[in-house]
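Please look over the sequence and the 3D structure below.

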Amino acid sequence: MLCVIAKLDGAATEKLQALRSLAFPPGEAGLPLHGHITLATYVGKEEARFLEACRELLRDAPAFSVRYGRLEVLEETSILAALPEPSPELEALHRRIAAAFPADLDLWTGTERWRAHTTLYYSPEAGLESLHRRMETAFTPFTAHISAVEFSRVLESGYEILGAVKLSG
């Protein structure tokens, strides 16, 4: 499985990491947050063709910013997430990839179901609502800059970055 992710700038990633760490005892929050918004998850068989096509689709895309306005529990996927406000630039990147590979994206990143977010915590068993309330007390809206799109392979132990496209501007 390959993911195409809009990479958040370092300051935004640090804000989200600090927010996430407020809800957990030290050392319990897991791996450091890799600040991103997943644009597409490819489950097809022609990975090299997919990566090359995505590089071409993203070649002229401009850098942009998104504003994170709220936190929410997404019950269908058992995650606590930070949600950016609607962004024409972010949605355009998603649409480019989804239109080119409509049958090869997973259930959650297909055109109708995709929802821009950054996962802060995943757990089907945890009381996500109580974690949400704890994080919400410290949350203030902020802006994140996106100047690159990364490609990563999902592994059992995490992920492997395969490359990136720098957005123009």
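Val4 stands opposite Phe151 in strand 6. This is a predicted model, in which local features need pLDDT of at least 70 and side-chain atom pairs count only at pLDDT 80 or more, while totals for chains, interfaces and linings use all residues. Residues are numbered from 1 along each chain as its sequence is written, and side-chain values use heavy atoms, with hydrogens and water left out.

Helices (H or I, at least four residues) and strands (E, at least two) are DSSP runs, numbered from the N terminus. Two strands pair if DSSP finds at least two bridges between them. Strand 1 (residues 2-8) pairs with strand 6 (residues 142-155) in the antiparallel sense, over 7 bridges. Strand 6 also runs antiparallel to strand 3 (residues 64-74), and 5 bridges join them. Here Ser65 has His145 of strand 6 opposite.

Strand 6 has a further antiparallel partner in strand 7 (residues 158-166), with 8 bridges between the two. A hairpin with 2 residues connects strand 6 to strand 7. Val154 has Tyr159 in strand 7 as its bridge partner, and Ser152 stands opposite Ile161 in strand 7. In a regular strand the side chains alternate between the two faces of the sheet.

Next come the pockets. On a 1 Å grid over the protein atoms alone, a pocket is an open set of points where a 1.4 Å probe fits, with protein on both sides within 12 Å along at least five of seven lines; lining residues have an atom within 4 Å of a point. Grid points are joined across faces, edges and corners, and a volume is the space filled by probe spheres set on the points.

The largest pocket holds about 1,200 Å³ of space. It is lined by 35 residues, of which His36, Thr38, Ile79, His117 and Thr119 are the closest to its centre. Strand 1, strand 2 (36-42), strand 5 (118-122), strand 6 and strand 7 each give at least two residues to this lining, and strand 5 gives the largest share, 5 residues. The lining divides into 17 nonpolar, 12 polar and 6 charged residues. Ala, Val, Leu, Ile, Met, Phe, Trp, Tyr, Cys and Pro count as nonpolar, Asp, Glu, Lys and Arg as charged, and the others, Gly among them, as polar.

The second largest pocket has about 170 Å³ of space. Its lining includes Gly69, Arg70, Trp114 and Arg115. Strand 3, strand 4 (79-84) and helix 3 (88-100) are the elements that supply two or more residues to that lining. By class, it has 6 nonpolar, 2 polar and 4 charged residues.

Helix 3 also packs with helix 2 (residues 47-58), at an angle of about 140 degrees and with the axes 10 Å apart. Axes are lines fitted to C-alpha atoms, for helices over the stretch in contact, and angles run from 0 to 180 degrees between N-to-C directions. Helix 2 and helix 3 are therefore oblique to each other; angles under 35 degrees count as roughly parallel, over 145 as roughly antiparallel, 65 to 115 as roughly perpendicular and the rest as oblique.
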